[in-house]
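Please look at the sequence and the structure together before reading on.

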Amino acid sequence: MKRMLVNLKEIMEIAEEKDIAIGSFNTPSLEALEAVLGAAEELKLPVIIQFAQCHEPWIPLTTIGPIMVEAAKRALVPVCVHLDHGETLDYLQCALDLGFTGIMYDGSTLSYEENLANTKKAAAMAAVTGAGVEAELGSMGRRESGDGEVGTQDDTKIYTDPDQAGAFVADTGINALACSFGTTHGIYLTKPRLDFSVVENVRNSTGNIPVVMHGGSGVSGPDYQRAIRAGVRKINYFTYMDKAGGQAAAHYLERLSDGEPIFYSSIVMEAREAMKQNVKAAMKLFAQMDEIQ
Ligand SMILES: [Zn+2]
């Protein structure tokens, strides 16, 4: 049987071959996990499921991580299980020990030299288990939120320098690079203005490293298409999927008559279905399956 748990390098190769981006969705709950894998299987598309270190207060990596890995092994499509925004090498090692096939080291708040040194260490650790590595250059302004946080806009963004990216990728041997070109984590307060030339220049200076777009939810259809054409191969998407689940739960409660009992399991099922539909729409865009409106 074809192995369905694939590493980050392998899934990025699929994206390059097809000229698409792979949707990369955070799954810090069983409902999110089932929504994302269900969407991928229905559309027959490869997918990345990921867990961000900052979601640790929501559920520990050691609880949800083994479930993600087992679910990926049973999936009917290629799945990479990825650690999103790992901030310490110990935490990256924990994900590798659980069988994660991709890790992101986020040294974007450090100096270039420290980021480079730690990313090299992360790459050496990943090489032991055969996992792939994503790193970040530049800054998206704030970390993954996913807890409804709406952050300040634009003030701390530092766009990725293509020349620095060329040296960084050559020195570290990473498999994907998160670039800052105008996206922001969380909910967009104003329409994002994306600089696609940053992506094109990074591709040129790095021998076509797969570029990762963070803050990928809330971007318009045409902008996704331009980003993919420029060389984005992994799109991190979570906030708007999480919001779709929340809205579905709220609508479910509004539909109940006065005095009708409220069951948590019903709320969860409504939210899961809404997240699945939201993820399917995103996956179709990233795989260029739909005409862009
Ligand atoms: Zn991110």
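The points below describe the strands, the helices and a few individual residues.

The structure is a predicted model, in which local features need pLDDT of at least 70 and side-chain atom pairs count only at pLDDT 80 or more, while totals for chains, interfaces and linings use all residues. Residues are numbered from 1 along each chain as its sequence is written, and side-chain values use heavy atoms, with hydrogens and water left out. Helices (H or I, at least four residues) and strands (E, at least two) are DSSP runs, numbered from the N terminus.

**The barrel**

- A closed barrel of 8 strands, with parallel pairing, runs in the order 1-2-3-4-5-6-7-8. From one strand to the next, the twist averages 25 degrees; angles run from 0 to 180 degrees between N-to-C directions, and axes are lines fitted to C-alpha atoms, for helices over the stretch in contact.
- Two strands pair if DSSP finds at least two bridges between them. Strand 1 (residues 22-26) pairs with strand 2 in the parallel sense over 3 bridges, and Phe25 stands opposite Ile49 of strand 2.
- Strand 3 and strand 4 also pair in the parallel sense, over 3 bridges. The bridge partner of Gly86 is Tyr105 in strand 4.
- Strand 5 (residues 132-137) and strand 6 (residues 176-179) are joined in the parallel sense over 4 bridges. Here Glu134 stands opposite Ala176 of strand 6.

**Side chains of the strands**

- In a regular strand, side chains alternate between the two faces of the sheet.
- Which residues of strand 2 point each way? Val47, Ile49 and Phe51 point one way, Ile48, Gln50 and Ala52 point the other way, and all are buried (under 20% relative accessible area, whereas exposed means over 50% and partly exposed lies in between, with a 1.4 Å probe and protein chains only).
- Strand 2 (residues 47-52) is largely enclosed by the rest of the structure, because 6 of its 6 residues are buried.
- In strand 4, Gly102 and Met104 point one way and Ile103 and Tyr105 the other, and all are buried.

- Helix 6 (residues 162-172) lies across strand 5 and strand 6, and runs at about 155 degrees to strand 5.

**Helix against helix**

- Helix 2 and helix 3 (residues 61-74) pack at an angle of about 20 degrees, with their axes 11 Å apart. This makes helix 2 roughly parallel to helix 3 (angles under 35 degrees count as roughly parallel, over 145 as roughly antiparallel, 65 to 115 as roughly perpendicular and the rest as oblique).
- The crossing of helix 2 and helix 3 is right-handed; a crossing is right-handed if the near helix is turned clockwise from the far one by less than a right angle, and left-handed if anticlockwise.
- Leu30, Leu33, Leu37 and Glu41 of helix 2 meet Ile64, Ile67, Met68, Ala71 and Arg74 of helix 3. The residues of this contact divide into 7 nonpolar, no polar and 2 charged (Ala, Val, Leu, Ile, Met, Phe, Trp, Tyr, Cys and Pro count as nonpolar, Asp, Glu, Lys and Arg as charged, and the others, Gly among them, as polar).
- The axes of helix 9 (residues 239-255) and helix 10 (residues 264-286) come within 8 Å and cross at roughly 140 degrees. Helix 9 is therefore oblique to helix 10.
- Helix 9 passes helix 10 in a right-handed crossing. Among the residues making the contact are Tyr240 and Met241 of helix 9 and Ser266 and Ile267 of helix 10.

**Individual residues**

- Thr160 has its place in the loop between strand 5 and helix 6. Is Thr160 buried or exposed? Thr160 counts as buried, at 3% relative accessibility.
- The C-alpha atoms of Thr160 and Ser139 are separated by 7.5 Å, and the two residues are 21 residues apart along the chain.
- Lys44, in the loop between helix 2 (30-43) and strand 2, has a positive phi of about 55 degrees although it is not a glycine. Lys44 is exposed, with a relative accessible area of 67%.
- Gln288 lies in the segment after helix 10. Although Gln288 is not a glycine, it has a positive phi of about 55 degrees, and it counts as partly exposed at 32% relative accessibility.

Key
Contact = heavy atoms within 4.5 Å.
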